[in-house]
Amino acid sequence: VQDEKTKKYDQSLTKSRTTFGEKLSRLLANFRTVDDDFFDDLEETLIEADVGFETAVKISDELKQEVKLKNAKSSQEVAETIIQKLIELYEQQGKGEDNQLHYASSGPTVFLFVGVNGVGKTTTIGKLAYRLKKQGKKVLLAAGDTFRAGAIEQLVEWGKKVGVEVVQKPAQSDPAAVVFDAVKKAKKENYDVLLVDTAGRLQNKVNLMHELAKISRVITREIPAAPHEVLLALDATTGQNALSQAREFKKTTPLTGIILTKLDGTARGGIVLAIRNELHLPVKLVGLGEKMDDLEDFDPEKFAAGLFGQLLAQN
Ligand code: GDP
Ligand code: MG
């Protein structure tokens, strides 16, 4: 199982690795001297790979020191220094990071899923329901995205596919009322896990945040320790946009972790570095496709090995 997982990770990260690697390789191939131009180019390369502006500048600044210190001159030496620095930063920023999902010790566990439209909330809920059900857990879904009828249907479809129940109300109902019913049912009928879907429309930011706060209150009133996770879904293919979404949500919603979706479709795995360095939120799950079993726990070491390992081998 572990090997299968590694293989999947590796396959999914191939895009990130080659593009990130290719960019760095190209930079290093054109390398003549370690001067200001070189560091400008390096910053640009890192920004293009979505490590985030702050992180790119930080890496570049620290590298300037390091390259001087080590008196690195050949492109080989410089490359090694760069990659070592990236790994070091990644590890250092991740100290104390908790990538586990937390479940209640007794009674129902509640996970709340938030994020803008289209990032993959509903799909992730379906995938996670499938995984939990396979583990023998009694799983309930709440169709808290009542904004469009289509959104409710989509979750109901997942419920059918996976074989778990979905609490729903007609479109335009108060999402907090749906969640209230779902939490009551979860308690009364001894469900192990309740996964709560929410709307993510952006044109109404203040309302959305109020709505999420209200949903949270309803959950906590029924189960004081809940929600046990508030997970923000981010679409890895949207790069810097995903980062600004996260900053917005973080301001108003007490998030416990990130779900990074569509990692199979991106050439920009650098976003994981940006999330870690700038947001200080743990990535807990990654989406590697649209199918039921395309969901993995985030393994920071494996991710780093995948992303940087190839670079070390190339240079
Ligand atoms: P929501 O609006 O946040 O609930 O997003 P959805 O769950 O409806 O997903 C939006 C689209 O992204 C759908 O077409 C999903 O199939 C697709 N999607 C979600 N997660 C992934 C993923 O990990 N990989 C890929 N390739 N597609 C995904
Ligand atoms: Mg949805």
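Contact, as used in these legends, means heavy atoms within 4.5 Å. The structure is a predicted model, in which local features need pLDDT of at least 70, side-chain atom pairs count only at pLDDT 80 or more, and totals for chains, interfaces and linings use all residues. Residues are numbered from 1 along each chain as its sequence is written, chains are lettered from A and ligands numbered from 1 in the order in which they are written, and side-chain values use heavy atoms, with hydrogens and water left out.

**View 1. Valine 178 in helix 7.** Valine 178 lies in helix 7; helices (H or I, at least four residues) and strands (E, at least two) are DSSP runs, numbered from the N terminus. With a relative accessible area of 0%, valine 178 is buried; buried means under 20% relative accessible area, exposed over 50%, and partly exposed in between (1.4 Å probe, protein chains only). Apart from neighbours within four places in sequence, valine 178 is in contact with Ala143, Gly144, Thr146, Val167, Gln168 and Lys169.

**View 2. Lysine 185 in helix 7.** Helix 7 spans residues 175–188 and includes lysine 185. Lysine 185 has a relative accessible area of 18% and is therefore buried. When residues up to four places away in sequence are not counted, lysine 185 touches Leu140, Glu165, Val167, Asn190 and Tyr191.

**View 3. Phenylalanine 180 in helix 7.** Phenylalanine 180 is also found in helix 7. Its relative accessible area is 30%, so phenylalanine 180 is partly exposed. Phenylalanine 180 touches Val218 and Glu222, residues up to four places away in sequence not being counted. Between the C-alpha atoms of phenylalanine 180 and valine 162 there are 23 Å, although these residues are 18 apart along the chain.

**View 4. Glutamine 92 in helix 4.** Glutamine 92 is found in helix 4. At 42% relative accessibility, this glutamine 92 side of the view counts as partly exposed. Asparagine 277 is 185 residues from glutamine 92 along the chain, and their C-alpha atoms are separated by 9.3 Å.

**View 5. Leucine 260 and the largest nonpolar core.** A nonpolar core is a set of buried Ala, Val, Leu, Ile, Met, Phe, Trp, Tyr and Cys residues joined through side-chain atoms within 4.5 Å. The largest such core has 98 residues, and Leu195 and Leu260 have the most contacts inside it. Helix 4 (residues 75–93) gives the most to this core, with eight residues. Leaving out residues up to four places away in sequence, leucine 260 touches Leu234, Ala236, Ile271, Val272, Ile275, Val283, Leu285, Val286 and Gly287.

**View 6. The setting of the close-ups.** The protein has 11 helices and eight strands. Its radius of gyration is 21 Å, close to the 20 Å that the globule rule gives for 315 residues, so the protein is as compact as a globular protein of that length; the radius is taken over C-alpha atoms, and the rule is 2.2 Å times the number of residues to the power 0.38. Of the 315 residues, 55% count as buried. Among contacts between residues at least 6 apart in sequence, 76% join residues at least 24 apart.
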